[in-house]
Amino acid sequence: IIAGAVATLPLHIKRRVDDRTRLDASDLALWQVLRRRPNPWQKPAQFRRMLQAHVLLSGNGYARIVRDARGDVQQLLPLHPGRVEVRQRDDLALEFVYTRKNGGQQIFQQRDMLHLVGLTLDGITGVTPIKYARETIGLAMAQEAHGANVFRNGGVMSSILKHPGQLGE
């Protein structure tokens, strides 16, 4: 439901004329990609719904950016989040390792990847909300079991440790 709602939201690309004026930038190649045809097999709403679903279910959404010789965006090719690994290089730039179905790998630089991130703990990769909720619920259950064990004995310790001599600092 959330992904469908996001897919129907208006998406505008504007060009800043001055501090107060912005005009539609419908002459940009990116406008055509985002508003008309992100890739040969998807319409814009399908593409946005799928990418948002990837973010909601896995914490990350990825699309490869295909450019022409001038550097204008021509296509956005969605990649399955389970096949992409994000790495941060020593210069702090990100690179994306995509594993193809045949097992081969391809590395994309940060400028060639659209990366949507959901809830993140490191600022680089998203955490799947399902996993995060599962760990939170598991921790709450463990705390509840521990509390039940402590209070079952009236809060009294059930064992003692003895040392044969004097303990030093």
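Which residues are linked with Arg67 in a network of salt bridges?

**View 1. A network of salt bridges in the predicted model.** In this close-up of a predicted model, Arg67 is joined with Arg111 and Asp112 in a network of salt bridges.

**View 2. The salt bridge between Asp27 and Arg15.** The closest N and O atoms of Asp27 and Arg15 lie 3.0 Å apart, and this pair links distant parts of the chain, the two residues being 12 residues apart. Arg15 belongs to strand S1 (residues 14–16), whereas Asp27 sits in the loop between strand S2 (22–24) and helix H2 (29–35). Asp27 counts as exposed because its relative accessibility is 58%, while Arg15, at 34% relative accessibility, counts as partly exposed.

**View 3. The salt bridge between Asp72 and Arg70.** Here the closest N and O atoms of the two side chains are 2.7 Å apart. Arg70 has a relative accessibility of 71% and therefore counts as exposed, whereas Asp72, with a relative accessibility of 27%, counts as partly exposed.

**View 4. The salt bridge between Glu95 and Arg87.** The side chains of Glu95 and Arg87 meet with an N to O distance of 3.1 Å. Glu95 counts as buried because its relative accessibility of 13% falls under the 20% cut-off, while Arg87, at 33% relative accessibility, counts as partly exposed.

Technical notes:
Residues numbered from 1 in each chain as written. Predicted model: local features only at pLDDT ≥ 70, side-chain atom pairs only at ≥ 80, totals over all residues. Heavy atoms only, no water. Salt bridge = Lys/Arg side-chain N within 4 Å of Asp/Glu carboxyl O. Helix = DSSP H or I, 4+ residues; strand = E, 2+ residues; numbered from the N terminus. Buried < 20%, exposed > 50% of the residue type's maximum accessible area, 1.4 Å probe, protein only.
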